[in-house]
Amino acid sequence: MLRVIPRVWSSGFALVVVAIASCTAPTPDSSPTPDSSPILTPDSNPTATPKTLSQADRAAASRLRQLGLEYRSAGEFDAAITALQESVALDPETLSGSVILGWTLHLAGRVAEAEQALQVALKRAPDHIPALNALGIVYLVDSQLDLAISTHERAADLNPDNEIAFYNLSLAYQRVGKFGMAIEKARRATELEPQNPHPWVALAIAHWSFEESAAAREAYQRAIQLDSRYQDSAYLGHLQQAGFSSEQIQLSDRIRQAFDL
C-alpha cells in the first residue's frame with residue numbers, strides 16, 4: 001500500500017497506502033524501496049486508452065513511460081520527467097501516465113509540478129483512486145495537512161479497503177492533534193495490511209499521543225516482530241520514506257526507548 005509512502009507507508013504513506021492499491025512491490029506507479037519493508041506508494045490502475053488513439057501513438061507513449069521508469073530507477077530524475085511528460089502529451093487519456101509523472105515529480109522534490117500533474121488526472125476522472133492517493137501523499141509530505149486529509153478521506157470513501165489512504169490519514173490526523181482519529185485510521189490500516197510494519201508504528205505513535213502507553217508498546221512490538229530493524233534507533237530514519245515527519249520519527253524512537261524495545 002502514503003503505505004503511504006505514502007506505503008507513503010508509505011506512508012506512510014503513509015506511505016500511501018494505502019494501496020494506490022498497496023505498493024508493497026515496485027509497480028508502474030511506485031518507487032523501488034530500499035529494503036524489504038513495504039512502503040505505501042501509488043499503483044497504476046490505468047484507464048482504457050481511447051479508440052481514437054493510434055496504435056503507433058499508444059505504443060510510443062508506453063515506451064516513453066517505461067523509459068521514464070527506468071531513468072527514475074537509476075536516479076536520473078530530469079531525464080525521467082522529460083520522458084514521462086512526453087508520454088503524457090502523446091497519450092493524455094491514460095491516467096496512469098499522469099500519476100507516474102506526478103509521483104516522479106514528487107520524488108524529485110518538484111512539489112508544485114507534482115500537484116499540477118495529479119490534478120490534471122483528477123480533472124479527467126475525479127474518482128481516480130491512484131491519483132487521489134498520490135496527491136494525498138504529496139500534500140502530506142508537503143505539510144498541507146488539511147488537503148492531505150480531505151484527499152485521502154475521499155479516496156477511502158471510494159474504496160473502504162484502500163490501505164494507503166487509511167495509513168496516511170493516521171499520520172495526518174496525528175500531526176493535527178486528532179489522536180482518536182489517528183488511532184482509528186491506523187488500526188484500519190493494520191487490518192488491511194497486517195504484515196507491513198509501517199501502519200503498526202503509525203498506530204504506536206497515535207496511541208502514545210493519546211496517552212495510551214500500553215497500547216503504544218503493543219503496537220510497536222508488533223512492528224518489531226515484523227521487522228527487527230525497528231529496534232535500532234538509526235534505522236528509524238527510514239520512516240521518512242514512509243511519510244513520517246521528523247517529529248513522528250522522533251516520537252517513534254521515544255516509544256522504543258521508553259520500553260527498551
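1. Let's start with Glu 211: its relative accessible area is 76%, so Glu 211 is exposed (over 50% is exposed, under 20% buried and in between partly exposed, with a 1.4 Å probe and protein chains only). You'll find Glu 211 in the loop between α9 and α10 (213–226). Its phi is near 60°, a positive value in a residue other than glycine.

2. Before you go further, note that this is a predicted model, where local features need pLDDT of at least 70 and side-chain atom pairs count only at pLDDT 80 or more, while totals for chains, interfaces and linings use all residues. Residues are numbered from 1 along each chain as its sequence is written, and side-chain values use heavy atoms, leaving out hydrogens and water.

3. Now the overall layout. The chain has 11 helices and zero strands (helices are DSSP runs of H or I with at least four residues, strands are E runs of at least two, and numbering goes from the N terminus). Reading along the sequence gives α-α-α-α-α-α-α-α-α-α-α. Of the chain's 261 residues, 56% count as buried.

4. Ser 143 is another one to check for its backbone: phi is near 60° here too, positive in a residue other than glycine. Ser 143 belongs to the loop between α5 and α6 (145–158). With 43% relative accessibility, Ser 143 counts as partly exposed.

5. Have a look at how α3 (residues 95–107) and α5 (residues 129–141) pack: the angle is about 15° and the axes are 10 Å apart (axes are lines fitted to C-alpha atoms, for helices over the stretch in contact, with angles from 0 to 180 degrees between N-to-C directions). That makes α3 and α5 roughly parallel to each other (under 35 degrees; over 145 is roughly antiparallel, 65 to 115 roughly perpendicular, and the rest oblique). Who touches whom? On the α3 side, Val 99, Trp 103 and His 106 meet residues of α5, including Pro 130, Ala 134 and Val 141 (contact means heavy atoms within 4.5 Å).

6. Is Ser 87 buried or exposed? At 1% relative accessibility, Ser 87 counts as buried. Setting aside neighbours within four places in sequence, Ser 87 contacts Ala 61, Leu 64 and Arg 65. Asp 78, in contrast, is exposed, with a relative accessible area of 57%.

7. How many aromatic pairs does the structure hold? There are two (rings of Phe, Tyr and Trp, taking the six-membered ring of Trp, pair if their centres lie within 6.5 Å; planes under 30 degrees apart are stacked, over 60 edge-to-face and the rest tilted). One is Trp 208 with Phe 259: the ring centres are 5.9 Å apart and the planes at 90°, so this pair is edge-to-face. It links distant parts of the chain, 51 residues apart, with Trp 208 in α9 (residues 197–209) and Phe 259 in the segment after α11 (246–258). Trp 208 is partly exposed at 23% relative accessible area.

8. The other pair is Tyr 230 and Tyr 235, also edge-to-face, at 5.1 Å centre to centre and 85° between the planes. Both Tyr 230 and Tyr 235 are buried.
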